[in-house]
Amino acid sequence: MSEAAPEEGTDGPSGTDGPSGAGGPSEGELRRERAVRAAVVQGIVGEERPLAGLLDVTGIRRTARALQSAFAPLVAPGGPGVRHTFAVRATPLVPVLRLLYEDRIGAEVASAAELALARAAGVQPGHTVLDSPTKTVAELREALGSGVLVDVDDAQELERLDALRGEAAATSTFGVRVDPHADEGRRAVFGVPLADEGAREWIVSAFAERPWLTRLHAHSEVKNAGGVAPERLAEGVRRVYELAEEINAAAGRRQVDALALGGGLAAGVREGDVGEHAGADFAGYAALLQERVPGLFDGRYALVTGFGRSLLAGHGFLLARVEYVRAMGGRRLAVTHVGTRMAGHACGRRLAAYDAQGRPKEGPALAQDLAGPAQFDGELLASGAELPELEQGDWLAVLDTGAYGFARHQAYDSLTRPGIHGFAAGAEGVRFATVRSPQTLAEFVTESGAAHTRALTDDL
């Protein structure tokens, strides 16, 4: 990490992320305030770098360990245990994957590129789940001998695997991804919809014909930043557990020996919350699973989780400079460098305002509209946001973007990707480490085909 810079108020509390006092900011919020101030002082952001993503390394580690602690006491001693993975699509950054892996959280990947990211981070194959819905023949062929956990989505993919397994020995393990909720007012997109006519019978038959299928994966689709209610997730896991029991009964042996529980939990962030906003209630969810599906924890099944937003969302934020403030329609409009193309559904629209020096903005709350930099009608980040009055040169923090906020690039209008930095705040100050360098204009031009400038005029 970069050198720490002295700053006002560096002797904040340490320990848990709970509230630091009655009605006062939590430790996580104090770390954020210190990080914003230090980012301005140290030049992480400024006139030439008007946008950056910041990740709270302390918060990430604590939430990762909270997940481990939530499930560990429920697992039967001597059993196969629980393997946790992180949904890479939430924050596809190699240093983040490495940080999580050092806390014993592997990778759930949904493409060949995400698999390459996990490998670059040093995640071992046995701690990697591949469940892309569009696996090519080449990707399946590579996966066969890689040792990763592969979950298939449908009959056609199984047919491809049948053929490929005849070509070479497999070192990977294989399962089937199931959507247990597709009958409830929506269509399945990923996995076999369990409620479809004949689907259950087909799954049981597919396992009976293929002794090498040994895992079921419960997938509950998430359509927004709010995640899925824990009760609904637990009900989906219960249905898939019962399917595993049926398959094993039909096989006369314990063929299915692992259950992937998926992710889907909300990140624990809500508009108007006070105190620490980061991290889901993993302990509450694990206890709910034990209550609703006690057979999960009796030692017969290895368990795999795949959480994403609930691990990272509350530990990251986008920090954007207020470039202009205009009077529009009788209300103030602050134009910043972050908009819906980047933040998208990634955040609960929690916002924080800072002055030009990176200090918390003071003053009475005023209804203001916030716009991003892209030229399209939907680029209104917030309407009527209640914040202290923003001025040119101030800083706006768009919170809870640690998941999906850094995965979405605002390339509309050819806007370059911002830098992403991790931070750690201690008694000596705030230190930063570059996770992803800001994209330069030259890099953007190269990426946009500059090496082939005359391809359409001279080569055709």
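The accessible surface of the protein chain comes to about 19,900 Å². Carbon and sulfur atoms account for 51% of that surface. The model is a predicted one. Its protein chain holds 460 residues, and buried residues make up 51% of them. The secondary structure consists of 13 helices and 18 strands. Contacts between residues at least 6 apart in sequence were also examined. Of these contacts, 70% join residues at least 24 apart.

Backbone angles were considered next. Most residues other than glycine have a negative phi. Arg 104 is not a glycine, yet its phi is positive, at about 65°. Asp 400 also has a positive phi, near 60°, and is likewise a residue other than glycine.

Each of these residues was then placed in the chain. Arg 104 lies in the loop that runs between helix H3 (94-102) and strand E3 (105-109). Asp 400 is found in the loop between strand E16 (395-399) and strand E17 (419-426). Arg 104 therefore has a helix and a strand on either side of its loop, H3 and E3, whereas the loop of Asp 400 is set between two strands, E16 and E17.

Arg 104 has a relative accessibility of 59%. Exposed means over 50%, so Arg 104 counts as exposed. Asp 400 has a relative accessibility of 1%. Buried means under 20%, so Asp 400 counts as buried. In short, a positive phi occurs at Arg 104, which is exposed, and at Asp 400, which is buried.

How values were computed
Residues are numbered from 1 along each chain as its sequence is written. This is a predicted model: local features need pLDDT of at least 70, side-chain atom pairs count only at pLDDT 80 or more; totals for chains, interfaces and linings use all residues. Side-chain values use heavy atoms; hydrogens and water are left out. Helices (H or I, at least four residues) and strands (E, at least two) are DSSP runs, numbered from the N terminus. Buried means under 20% relative accessible area, exposed over 50%, partly exposed in between (1.4 Å probe, protein chains only). Contact means heavy atoms within 4.5 Å. Accessible areas come from the Shrake-Rupley method with a 1.4 Å probe; for residues, only the protein chains shown count as cover.
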